[in-house]
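Biologist: I have a structure open and would like to go through it piece by piece. Can you put it up and start with the terms we need?

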Amino acid sequence: MSDVVYDLREVRRARYAVAAVFAVHGAVTGSFATRVPWVQDHASLSAGQLGFALAFTAFGASCSMPLAGRISHRFGSRTALRGLIALWTLSLVLPSLAPNMLTLCLAMFTYGASAGMADVAMNALGVEVERLLDKSIMSGLHGMWSAGALTGSAAGTLAAHLGSDARLHFALAAVTLTLLGVLACRWVLDVQATEGEEPPPRFALPPKSALLIGTVGFCAVFAEGASLDWSAVYLRDQLDTSAGLAAACTTGFMLTMALARLVGDVVVNRFGAVRTVRAGGGLAVLGGLLIVVAGHPAVAMGGFALLGLGIAVVVPLCFAAAGHSGPNPSQAIAGVATITYTSGLIAPSLIGGVAQASSLVVSFVLVTVLACGLAAFAGVLRTGDRSRPKVSRPGAAVPNPRP
């Protein structure tokens, strides 16, 4: 065991600091999402070409995620996160500068690579703080990511409404978010590698534990990606609603997830990760069934809300379980993140393919079936419930639990 100790106040401060980093990370995603049409027009791309270019985001993230652990090992967690979050926020500018498909593919690869490394680094630090506080905080951290994404999306929507050039919008957003992210990193934990500790490999296959945990995350992210990209289309095409009501369904789904994540830690601390995910799986299945049988927009919107509520805390708990599952948290988190990123990439296109071959109703039957996997495989998250150092007194010295 390391002889490094942390003061309880320092750990609590680190919790709020890493929560701010999560919000900054989400704000970049929200900012970009609102200006994709501008990027498409600027690069003169068809819908198919745009989809191909956007796929490089997940490709870049998958390639880079294993590097995050090595960077943290080399420079320490605080310096690593400071550099990686700045790289991520500044990369927001790149897509707006791409004049054609080739340059946009390169921009999206870089954008995804920086997103993935920052994602792994901040989740690893979140797991470390959770371990020290001996209570679940990962759901709340991911709730802050969702809140940041909604804030960035709102600002981007305003910029698009005003007809601003995305290059100016992204530049201003990147500078602002970089300053906020770097400032927040001042108070995160500075976990250093112990003397003689072997650095993690640059690239390695995910450990077996990460594959099992990633299966649960895959089911949740598939449902999330399908709902985000196809809920509005479902209401418009299947239930003949207005464009405004269809868009409201997607917004409601996002708000449900964000709110559920912000309060999810209370439930997890009371009932544990396994029972929470099993109950969430039941809600998700119920929501999926309502979507499939809906004959009225209100029923479908209720189904999407239940689906969002059911899957909201699953990914945060998968990251927490991965971080507690072995001696190398960053490698396990990178493995789970790679699986979930892949799920988010294939879900929208697979839903579209099934809908083309049959109907959107059949597509969401598939989503409902996968939601059953949450309850079926929730037991693999039990690793996240193992005991951690207990803290009870303000100002108490908290041992660093890393070996």
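Modeller: A crossing is left-handed if the near helix is turned anticlockwise from the far one by less than a right angle, and right-handed if clockwise. Helices (H or I, at least four residues) are DSSP runs, numbered from the N terminus. This is a predicted model, where local features need pLDDT of at least 70, side-chain atom pairs count only at pLDDT 80 or more, and totals for chains, interfaces and linings use all residues. Residues are numbered from 1 along each chain as its sequence is written, and side-chain values use heavy atoms, with hydrogens and water left out.

Biologist: OK. In which hand does α14 pass α15?

Modeller: The crossing of α14 and α15 is right-handed.

Biologist: And what's the angle between the axes of α14 and α15?

Modeller: Roughly 135°, and the axes of helix α14 (residues 329-357) and helix α15 (residues 360-377) come within 7 Å. Axes are lines fitted to C-alpha atoms, for helices over the stretch in contact, and angles run from 0 to 180 degrees between N-to-C directions. That angle makes α14 oblique to α15. Angles under 35 degrees count as roughly parallel, over 145 as roughly antiparallel, 65 to 115 as roughly perpendicular and the rest as oblique.

Biologist: Which residues of α14 and α15 meet there?

Modeller: From α14, Leu-350, Ile-351, Val-354 and Ala-355 meet Leu-360, Val-362, Ser-363, Leu-366 and Val-367 of α15. By class, the residues of this contact are eight nonpolar, one polar and no charged. Contact means heavy atoms within 4.5 Å. For the classes, Ala, Val, Leu, Ile, Met, Phe, Trp, Tyr, Cys and Pro count as nonpolar, Asp, Glu, Lys and Arg as charged, and the others, Gly among them, as polar.

Biologist: Is Phe-222 buried or exposed?

Modeller: Phe-222 counts as buried because its relative accessibility is 2%. Buried means under 20% relative accessible area, exposed over 50%, partly exposed in between (1.4 Å probe, protein chains only).

Biologist: Staying with α9, how do α9 and α12 lie to each other?

Modeller: Roughly antiparallel. The axes of helix α9 (residues 208-239) and helix α12 (residues 297-311) cross at roughly 175° and come within 10 Å. Residues of α9 in the contact include Ala-220, Glu-224 and Tyr-234, and those of α12 include Pro-297, Phe-304 and Ile-311. The contact of α9 with α12 has 11 nonpolar, two polar and one charged residues.

Biologist: What about α6 and α13, at what angle do they pack?

Modeller: α6 and helix α13 (residues 314-323) pack at about 75°, with their axes 9 Å apart. That makes α6 roughly perpendicular to α13. Asp-119, Asn-123, Val-127, Glu-130 and Arg-131 of α6 make the contact with Phe-319, Ala-320 and Gly-323 of α13. These residues divide into three nonpolar, two polar and three charged.

Biologist: New topic. Which residues touch the most other members of the largest nonpolar core?

Modeller: Leu-374 and Leu-381, in a core of 110 residues. The largest share, 16 residues, comes from α6. A nonpolar core is a set of buried Ala, Val, Leu, Ile, Met, Phe, Trp, Tyr and Cys residues joined through side-chain atoms within 4.5 Å.

Biologist: What does Leu-374 contact?

Modeller: Apart from neighbours within four places in sequence, the list includes Val-216, Cys-219, Ala-220, Gly-281 and Ile-311.

Biologist: Back to α6. Where is Ser-114, and what does it touch?

Modeller: Ser-114 is in helix α6 (residues 101-133). Ser-114 counts as buried because its relative accessibility is 2%. Not counting residues up to four places away in sequence, Ser-114 touches Leu-84, Leu-87, Trp-88 and Ser-91. Leu-87 lies in helix α4 (residues 77-90) and counts as partly exposed, at 42% relative accessibility.

Biologist: Last one, the loops. What is the phi of Asp-134 and of Asp-240?

Modeller: Asp-134 has a positive phi of about 60° although it is not a glycine. Asp-134 lies in the loop between α6 and α7 (138-161). For Asp-240, also not a glycine, the positive phi is about 55°. Asp-240 is in the loop between α9 and α10 (243-271) and counts as exposed, at 70% relative accessibility.

Key. Helix = DSSP H or I, 4+ residues; strand = E, 2+ residues; numbered from the N terminus.
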